[in-house]
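Dear colleague,

I am passing on the structure below, and I would be glad if you could look through it alongside these notes. Please keep in mind while reading that the model is predicted.

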Amino acid sequence: MSKNWSEQQKAIFGEFKTGRSNVVVRARAGTGKTTTILEAISYAPEERILLAAFNKKIAEELKTKLTNGKAEAKTLHSVGFALVVRNWRGVKLDDKRGGKLARVAADACARTLASNALAPDAAVNLVAKLAAKGKNALPFPSLNGMVDLAYHFDLTPEEALEDAGWTVDIVASAAIKAMELATKFDGTLDFDDMVYVPVANKWVRGVYDLVVIDEAQDMNASQLLLAQGVCKKGGRVVVVGDDRQAIYGFRGADAGSLDRLKAELNAVELGLTITYRCPKAVVALAQELVPDYLAAPTAPEGEISTIDFSKLHENAVVGDFVLSRKNAPLARVCLRLLRNGIRARIEGRDIGATWSRSFAT
């Protein structure tokens, strides 16, 4: 593919090479996004470039593929952690920090409900979970905002807890207090704090001339603020992602980040919508939901047919793949195939061996 770049890819390369604007690249599934962005960065003239990766594994892989010696691939957690240790010397990781601070914050709220009272564990757990969501999705919280967050993530008190005075407003207030405590030095730091603390404490400064945010649809609000903040004044931000593949909302990811950042950054939008993964028939079906999705000219025609579940074992053969959005339905499929003498397994699980032991007698 690298020898036959599409017009869309050439447009992206040109923007990286000579453009002066911030950019949003809306890249659909199977469109060669990673290959395109790595090639595009090779054209960038900036002196210092950050490719912000979604997780450590991806960052390590991207490091081996970058050809521009001025570019580095990092997770935003590693960028944030570097800012923290610069300000908090000797800080150590403690994955229980959030729970400990939630206990302190919740107990303080409990004393406003009854003198010398301690918060029940159920309240502390709610406060800890809501504070974690706030660190990701609402780094500069308001009470109303935290209450909305509590309802959105179903982190509201049960009836018995509410009857004891722990209303959603009290839980939200305690969560905000826990977030405030997290910004104070106590010698420890947890995973969420790596990004949240430098953002909340306003330690973020421009370091890079060009910041490329990969998988932006999976980044949360604090990560996006950090990524924008480490870009120098007058530098460029390139946001890459697919709003149709936003699946990390449960972790506070900003599913609307592409459109919001396009407006905030006054960015130029470029598309990467030609898939090299799917046959034309599949793309035609996908276009009912994603109209801008296009099949590569060289893609095979492909075929789509509908099979009733009861007839699956009559059509499936060894070498076929069955895909599912969730794991549970796959167990049913796998067991049906096994019962009909067709070898099958669920990727990552030896359900066949388990089934054989269970039904051997």
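Strand β1 runs parallel to β8, and 5 bridges join the two; within this pairing, the bridge partner of Ala27 is Leu272 in β8. Strand β1 is also joined to β7, again in a parallel arrangement, by 4 bridges, and here Arg26 stands opposite Gly241 of β7.

As for how far β1 is shielded, 5 of its 5 residues are buried, so the strand is largely enclosed by the rest of the structure.

Within α1, the buried residues are Gln9, Ile12, Phe13, Glu15 and Phe16. Viewed down the helix axis, these buried residues fall within an arc of 160 degrees, which means that they line one face of α1. Glu7 and Thr18, by contrast, lie on the other side of the helix and are exposed.

What do the buried residues of α1 pack against? They pack against β1 (23–27), α2 (33–43), β6 (208–213), β7 (231–241) and β8 (268–272), a list that includes β1 and the two strands described above as joined to β1.

With best wishes

Terms used: Residues are numbered from 1 along each chain as its sequence is written. This is a predicted model: local features need pLDDT of at least 70, side-chain atom pairs count only at pLDDT 80 or more; totals for chains, interfaces and linings use all residues. Side-chain values use heavy atoms; hydrogens and water are left out. Buried means under 20% relative accessible area, exposed over 50%, partly exposed in between (1.4 Å probe, protein chains only). The arc is that of the directions from the helix axis to the C-beta atoms. Contact means heavy atoms within 4.5 Å. Two strands pair if DSSP finds at least two bridges between them.
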